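Here is a short briefing on one protein chain. Look at the model first, then read the points below.

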Amino acid sequence: MDDPPDVTAASGTGLARRTFLGGAGAAALGAAGVGGVGMFTGSALTPAAAAPPVPEADRDPLDLLRRMLAHDTRNAGQGANTRPHAEMLRAVWENADVPTEIIDTPHPDNVHLIARIPGTGSAAPLLMLGHSDVVPVERGKWSVDPFAGTVRDGQIYGRGALDMKGANSATVSALLRHLAEGARFERDIIVLTDCDEEAGPYGSEWLAKHHWDKVNAGSVLTEGGWFLARRDGTTPMLITATRQDKLYFNLDLSAHGTATHSSKPSPDAALVTLSRAVAELGDWLAPVHLTAVTREYFGALAKATDDQEFARALGLLLSARGQDARERAARVVVKRSSYPWLHQALLRTTHAFVIGESGYKENVIPSSAKVRVNCRGIPGGQRPRDFLAQVRGMADRRGVRVALAAPEGRTEEQHLDELDEAWAAPPADIATPLFRALSGAAGETYPDAVFAPALFEAGTSLAPWRERGIPGYGVYPYVIDNDQLVAMHGNDERIHVEALRRGTAYLYRMFARFLD
């Protein structure tokens, strides 16, 4: 990419860099940024004498993302080898004279990387929280090498391209462009690339417990909010920043029967009993619950869409007076949505069958069968204990036992109490400099789209900061279509190259609001 327009030439008055980027400069950058890539076209800002000569490759989010994707940081649940990735990224930061530190965890080569850009200290630090680990892959079901960073038909493929090495590359590239221009921020900016976000004992909570002084901040930005496209799959429609995550909990469904020789099928076979319960639950949906956060989101979606029937269904959903009317409207919303699975998840507690266990030999009918069900509840919506009671009522009729999978050392009731506490926690305050920066940058970068706060249908590493009352938000800074969204944690994970570049422009403008 080219560099941003020259400040003096654009403003004609030698305005301070912060004033330029927040006002007239924003308009100039917006005009230059038609289609996203042009955000950085034009003459370069004259760098300050002390500005480091940051390599252009490090300021290019595509180049940087391809290097990130080349590192196999798969985490199957017990950590990953993130050291080579951290060392690569450490060299990138050191090219820009940014101090870094690698934090070792008890798991060999499973490390955190912290980069800290010193500011003037006039405000509390801003923490950018991104994870380096990714989920495993089914190599045979990918059309490309998941660790090659292949670019095809305008999209970059790779495990982590969307979740969340793409966001990490956009963040780093945007910051490095500011530094190459001689920027100085009003506060320290901490960029944490953590491990064990995709499961494992040494993630952000471990880091906060042992090294809080290194990650203490006034606000945090991580993964979360989706940038949704219109039906063409590329034109921005709705830009969101999440201020709350859904609640994560697991249920274990189990059935028992007679173990015997496979030549004599038994009527009480555990696998058959469990399968019948799974089939019933698989067709069942928990009740719709709207909260202040999701109401605001769906209201913004109604304003953003150009599908009048979809907008009408959203209006009926938001105005419904009874549960039956709300359920009917929700069915139409999901049917009309270009992102049906996402919007289904934002309407109710979800349950997904993720791991099955049964049997040990092909000529033996096993005496037991179990399936793990991953659930995500809406804070302020249906309480997890009420959802559990509903599932138990259905499973009991099938002769299937349901257990809440409580963390080690805690009883079911203790875990339900913890979930109740998380359920009642308020969303992050949006009257903060960071949220205003996210909103303002969206207006400049995506002027024809609607911006809104939202609920994240999944989870993040924000817990240690939220527990301390520190506001945290989430964005995936690139416009995606539904096929790309579905490929998250799936096969052929990918994002548009153009969307990545425009998302980097978005973060560049967001960081500009914190210049000294």
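In this predicted model, Thr 193 is in contact (heavy atoms within 4.5 Å) with His 85, Leu 89, Val 111, His 112, Leu 113, Gly 130, His 131, Ser 132 and Asn 168, leaving aside its neighbours within four places in sequence. Thr 193 sits in strand E6, residues 189-194. Its relative accessible area is 7%, so Thr 193 is buried.

**How to read the values**
- Residues are numbered from 1 along each chain as its sequence is written, and side-chain values use heavy atoms, with hydrogens and water left out.
- Local features need pLDDT of at least 70 and side-chain atom pairs count only at pLDDT 80 or more, while totals for chains, interfaces and linings use all residues.
- Buried means under 20% relative accessible area, with a 1.4 Å probe and protein chains only.
- Helices (H or I, at least four residues) and strands (E, at least two) are DSSP runs, numbered from the N terminus.

**Gly 130**
- Gly 130 belongs to strand E3, residues 126-131.
- Gly 130 counts as buried because its relative accessibility is 5%.
- Not counting residues up to four places away in sequence, Gly 130 touches Met 164, Asn 168, Leu 192, Thr 193 and Asp 194.
- From Gly 130 to Asp 196 is 66 residues in sequence and 11 Å in space, C-alpha to C-alpha.

**Nonpolar cores**
- A nonpolar core is a set of buried Ala, Val, Leu, Ile, Met, Phe, Trp, Tyr and Cys residues joined through side-chain atoms within 4.5 Å.
- The largest one has 100 residues, and Trp 93, Trp 226, Leu 438, Met 510 and Phe 511 have the most contacts inside it.
- Helix H19 (residues 497-512) gives the most to this core, with 9 residues.
- Another core, of 24 residues, lies apart from it; among its members are Phe 249, Ala 270, Leu 404 and Leu 416.
- Phe 511 is in contact with Leu 126, Met 128, Thr 171, Ala 174, Leu 175, His 178, Phe 185 and Ile 189, leaving aside its neighbours within four places in sequence.

**Whole chain**
- The chain has 19 helices and 17 strands.
- Along its principal axes, the C-alpha trace spans about 85 × 55 × 45 Å.
- Of the 516 residues, 57% are buried.
- Among contacts with a separation of 6 or more, 79% join residues 24 or more positions apart.

Technical notes:
Buried means under 20% relative accessible area, exposed over 50%, partly exposed in between (1.4 Å probe, protein chains only).
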